[in-house]
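User: I'd like to learn how to read a sheet and a chain-chain contact in a model. Can you walk me through this one?

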Amino acid sequence: MSDPRFIRVRDVAKTYVAGATEVEAVAHVAFDVAEGQFVSILGPSGCGKSTLLMMCAGLEPASDGTIEIAGRPVVGPRREFGLIFQDATLLPWKSSLENVLFPIRMMKRDPAQYRDRAEALLRQVGLGDFLHKRPSELSGGMRQRVAICRALIHDPELLMMDEPFSALDAITRDEMNEALARIWETQRKTGLFVTHSIREAVFLADRVLVMSGRPSTIALDFQVPFARPRDPALVETPEFAKICAMLKRTIEAGYARSGRSAA
Amino acid sequence: MTDIGLTALAEDSAELRRRTRIARARKAKMLQAFKHIVLPMLTALAVLLVWEAAVDLNGIPKVILPAPSDIAERIWSIRKLLYANAISTTTEAVAGFAIATTLGIALAASLVYSSWLRAALYPNIVFFQLIPKIALAPLFIVWLGIGAESRLTFAVFISFFPVVIATITGLTNVPGDMLRLCRGLTASNWQIFWAVRFPYALPHLFSGMKIAITFAIIGVVVGEFITANKGLGYLIMFASSMAETTTILAAIAVLCAIGLTLFGFVTLAEKIVLKAYGHKAA
């Protein structure tokens, strides 16, 4: 039923020309993602993981290789993708509800038909009392929750998240991880989640792809063995800590290989 | 004394402290209002009084410097003349401002969307800013004659550039991820412009418009100086040829009032619009 190769990334590379030299940001990455799977792409800052995500989203052209999603090559942005960025990027003059409905307006569909869904999504992330508040009246975590609802409003098949919680403080971040885990368990989209937080990557994902330093390749493809739904207490278990430690060593080894210090 | 009495006493003193704090805050607020509103008005009033006294005491002839009271009297006595010319100046300034704003936004939008057009025009626009545009005013008479067209075109010409530059800055001020989000939703450039770029540009647009309204008045008055057939600028020129210093200053006072009012309207519009769009007030 579900497509085991819903996302098919083959030999994808990204090179930038800087003066007379070429900088290889992403070097020949290949992986598949099954439909309904949540995959974290984990790596240190500047390793090209966001570039990889933008290529999958059709917002950056790949220099080499092919990306296929739902059986069709990605040649540009598609409406069946939902995007979440590091900053919430909400329109300051619109309420939470209107911000969630923004994609509907951009797609020239009737916002009235999506109003109930928008309200339901906002309630699900605990913003039921904040439907008509503007972003300036919300905390950073609340804004990012609005952004999650906005990404889900048009029921996309694939949710792509580019370090969505890295601008938040540690406590809010844990809250957001739980909120995202909960909402994802009800929506069951395919998810690509870029992060540099090991804990976050493991807690949220079915699978973690560890990227090495530049030019980045996939250093490790790791299946997360924890069942769903996941309890927030999971992060305190020894198994969780063991996996995080192993991933940390892998990242450091990847960096050592690329000739840079992990510090 | 009983415990209850003591508690009541403690509550009383807490209430007293609260009242003292409120009274102190109110006093501080009134002091601020005095400092920022009343004080500048007092300064202006003092200058007028010193002017009045200096003219009276030293017996300065009216043709050199009339006293403020003379100017006020003159404004009253020639009010019909001032009114007719003020209407002409105001109408042309507002029309020039409106045209400059519309054209400025349109040009800014085309420059933001076309990299070729931007490359071709933008450096030239910046360069053009450096030209003392007032020096070009006589050309407009050569081209358009001495009527309203000439004054209006010149007002548009000098108030147009601040709008273009400010609007371009505003339109390109949108967060990159916001544009990526729109592109991800396959929104058209037209949709992105009206739903995102333009509202984001509003604070910049208004700062450009505030400069433009001032420039539009300057443009019209300079136009009136040289077309010499209508308006407060014309009245000033005409009065100066007759050494009617009091009339010159009366016309200038009316010009100040017009400038202040028009600027006030733009600032008010800015306050209302920016508040509606949730921007922090500039």
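This is a predicted model: local features need pLDDT of at least 70, side-chain atom pairs count only at pLDDT 80 or more; totals for chains, interfaces and linings use all residues.

User: Which residue is the bridge partner of A:E68 in β5(A)?

Analyst: A:P73 is the one that bridges to A:E68. Strand β4 of chain A, residues 64-69, is joined to β5(A) by 2 bridges, and the two run antiparallel.

User: In what order do the strands of that open sheet in chain A come?

Analyst: The general idea is that strands of a sheet pair through backbone hydrogen bonds, either parallel or antiparallel. Here 4 strands line up as β2-β1-β4-β5 in chain A, with antiparallel pairing.
At the edges you find β2 (21-33) and β5 (72-73) of chain A; each has a single partner strand, so one side of each is left without a neighbour in the sheet.

User: Now the chain contact. How many residues of chain B are in contact with chain A?

Analyst: For this, two residues are in contact if their C-beta atoms, placed from the backbone, lie within 7 Å. By that test, 18 residues of chain B touch 17 residues of chain A. On the chain B side, the elements giving two or more residues are α7 (176-184) and α8 (189-227). α7(B) gives the most, with 7 residues. By type, that side of chain B splits into 10 nonpolar, 5 polar and 3 charged residues.

User: And how far apart are the C-alpha centres of domain 1 and domain 2 of chain B?

Analyst: Those centres lie 40 Å apart. The domain assignment puts domain 1 of chain B at 1-59 and domain 2 at 68-276.

Conventions. Residues are numbered from 1 along each chain as its sequence is written. Chains are lettered from A and ligands numbered from 1 in the order in which they are written. Ala, Val, Leu, Ile, Met, Phe, Trp, Tyr, Cys and Pro count as nonpolar, Asp, Glu, Lys and Arg as charged, and the others, Gly among them, as polar. Domain bounds come from an automatic or database domain assignment. Two strands pair if DSSP finds at least two bridges between them.
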